[in-house]
Amino acid sequence: MPQLELLSSTKSFGGWVKRYRHTSQAVKGEMVFAIYLPPQAETQSVPVLYWLSGLTCNDENFTQKAGAHRMAAELGMAIVCPDTSPRGTDYPNEHESYDFGSAAGFYVNATVEPYAQTYQMYDYVVSELPAIIEDHFPVTDKKSISGHSMGGHGALICALKNPEMYQSVSAFAPIVNPSNCPWGEKAFTGYLGDDRAAWSEWDATFLIQNVDNPLPIFIDQGEADNFLEEQLKPALFSAACEKSGHSLTLRMHAGYDHSFFFVSTFIGEHLEYHAKALNLI
């Protein structure tokens with residue numbers, strides 16, 4: 001297991017928000033993650049919610065803006081927030097736009113060079129990071145996953161590809177059909193190439209139709225989200241779930257947009273949802 005370098009430690013609702021840097025084998029470079037350890041972690045092991053953030057974000061956005069720590073402290077739940085892409089590289093076009101490259105790894109394993117060398121975010125989130133967390137911190141092997149926008153896409157594909165690994169999955173305004181929206185088409189072309197058949201492995205709307213026993217899925221979506229019609233398209237995922245006979249709770253909220261005001265409004269209900277699956281309540 002790699003050594004962890006503590007970057008910061010901040011008290012919050014009786015627990016601690018800690019940021020660490022480590023060398024990742026999956027992405028072949030340094031990565032940073034944040035972890036919230038509730039007060040219960042001082043005397044016992046606690047389950048973990050993995051949170052995947054969206055475009056332009058890093059490990060700090062959720063910890064600073066979502067307002068999740070008070071309830072996580074009450075429930076006895078750790079929250080782990082990885083970064084959204086590898087850092088420290090300088091590939092062609094990597095830093096030129098907000099929706100590709102830096103802070104936009106899309107939680108896939110890239111196959112197109114040069115991104116294939118380091119943009120292996122799926123392996124990092126699903127395999128490497130949980131092993132590090134379970135080795136270094138007082139947590140159990142019980143885990144759930146959630147995320148926002150690009151991170152909601154990441155949470156869905158991680159859970160759909162590994163339904164036995166997680167106790168529950170939820171998402172805020174996820175990109176549910178990246179093969180069929182500008183954000184996803186740009187990212188998938190750059191990371192996975194032009195063969196659209198290969199994209200289906202990383203697209204929740206396709207994956208849900210080929211999973212025998214997926215977890216129930218809980219999604220919140222704002223009706224005033226500027227990206228709703230062009231990028232997010234929750235109706236397509238809802239139709240795929242209905243056709244496949246899979247459980248989906250999709251809540252549409254009038255007046256709410258794509259921001260952390262939306263996330264922070266409903267994060268408590270998501271934490272309760274995961275706490276029930278993790279046998280905390």
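**Local features of the predicted model**

Modeller: This is a predicted model. A place to begin is Gln231, which is found in helix H8, residues 228–232.

Biologist: Is Gln231 buried or exposed?

Modeller: The relative accessibility of Gln231 is 6%. Buried means under 20% relative accessible area. Gln231 therefore counts as buried.

Biologist: Which backbone nitrogen lies 2.9 Å from a polar atom of the Gln231 side chain?

Modeller: Not counting residues up to four places away in sequence, Gln231 touches residues including Ile175, Cys181 and Pro182. The backbone nitrogen at 2.9 Å from a polar atom of the Gln231 side chain belongs to Trp183.

Biologist: What is the volume of the largest pocket, and which residues are closest to its centre?

Modeller: The largest pocket has a volume of about 220 Å³. It is lined by 14 residues, and those closest to its centre are Leu55, Thr56, Cys57, His148 and His258.

Biologist: How do the residues of that lining divide into nonpolar, polar and charged?

Modeller: The lining has both nonpolar and polar residues, as well as a charged one. For the largest pocket, the division is 6 nonpolar, 7 polar and 1 charged.

Biologist: Where does helix H3 bend?

Modeller: Helix H3 covers residues 121–136 and bends by about 35 degrees. A proline, Pro130, follows the bend within four residues. The bend is at Glu128.

Biologist: Which elements do the buried residues of H3 pack against?

Modeller: The buried residues of H3 include Met121, Tyr122, Tyr124, Val125, Glu128 and Pro130. Their packing partners include five strands by name: E2 (15–24), E3 (29–37), E4 (46–52), E5 (78–82) and E6 (139–147). A helix is also on the list, namely H4 (150–161).

Biologist: Which peptide bond is cis, with omega near 0 degrees?

Modeller: Most peptide bonds are trans. Pro114 is found in the loop between E5 and H3. The cis bond runs from Glu113 to Pro114.

Biologist: What is the phi of Asn93, and what is the phi of Phe106?

Modeller: Most residues other than glycine have a negative phi. Asn93 is in the loop between E5 and H3, and Phe106 has its place in the loop between E5 and H3 too. Asn93 counts as partly exposed because its relative accessibility is 45%, while Phe106 is buried at 0%. Neither is a glycine, yet phi is positive: about 70 degrees for Asn93 and about 60 degrees for Phe106.

Biologist: Is Trp202 buried or exposed?

Modeller: Trp202 is found in the loop between helix H6 (196–199) and helix H7 (204–207). Leaving aside neighbours within four places in sequence, its contacts include Tyr107, Tyr122, His153, Pro178 and Phe188. The relative accessible area of Trp202 is 6%, so Trp202 is buried.

Biologist: How far apart in space are Ile219 and Pro234, C-alpha to C-alpha?

Modeller: Ile219 is found in strand E8, residues 217–222, and counts as buried at 3% relative accessibility. Not counting residues up to four places away in sequence, Ile219 touches Leu156, Ala171, Phe237 and Leu248, among others. Ile219 and Pro234 are 15 residues apart in sequence, and their C-alpha atoms are separated by 9.0 Å.

Biologist: What separates the C-alpha atoms of Gln40 and Met77?

Modeller: Gln40 is found in the loop between E3 and E4, and is partly exposed, with a relative accessible area of 23%. Leaving aside neighbours within four places in sequence, Gln40 is in contact with Val46, Ala73, Glu74, Leu75 and Gly76. Gln40 and Met77 are 37 residues apart along the chain, and the separation of their C-alpha atoms is 8.3 Å.

Methods. Residues numbered from 1 in each chain as written. Predicted model: local features only at pLDDT ≥ 70, side-chain atom pairs only at ≥ 80, totals over all residues. Heavy atoms only, no water. Helix = DSSP H or I, 4+ residues; strand = E, 2+ residues; numbered from the N terminus. Buried < 20%, exposed > 50% of the residue type's maximum accessible area, 1.4 Å probe, protein only. Polar contact = N/O pair within 3.5 Å; in protein donor to acceptor, adjacent residues only side chain to side chain. Contact = heavy atoms within 4.5 Å. 1 Å grid on protein atoms, 1.4 Å probe; cavity = no way out; pocket = protein on both sides within 12 Å on 5 of 7 lines; lining within 4 Å. Points joined across faces, edges and corners; volume = space filled by probe spheres on them. Nonpolar A, V, L, I, M, F, W, Y, C, P; charged D, E, K, R; others polar. Bend = angle between axes of the 7 residues up to and from the residue.
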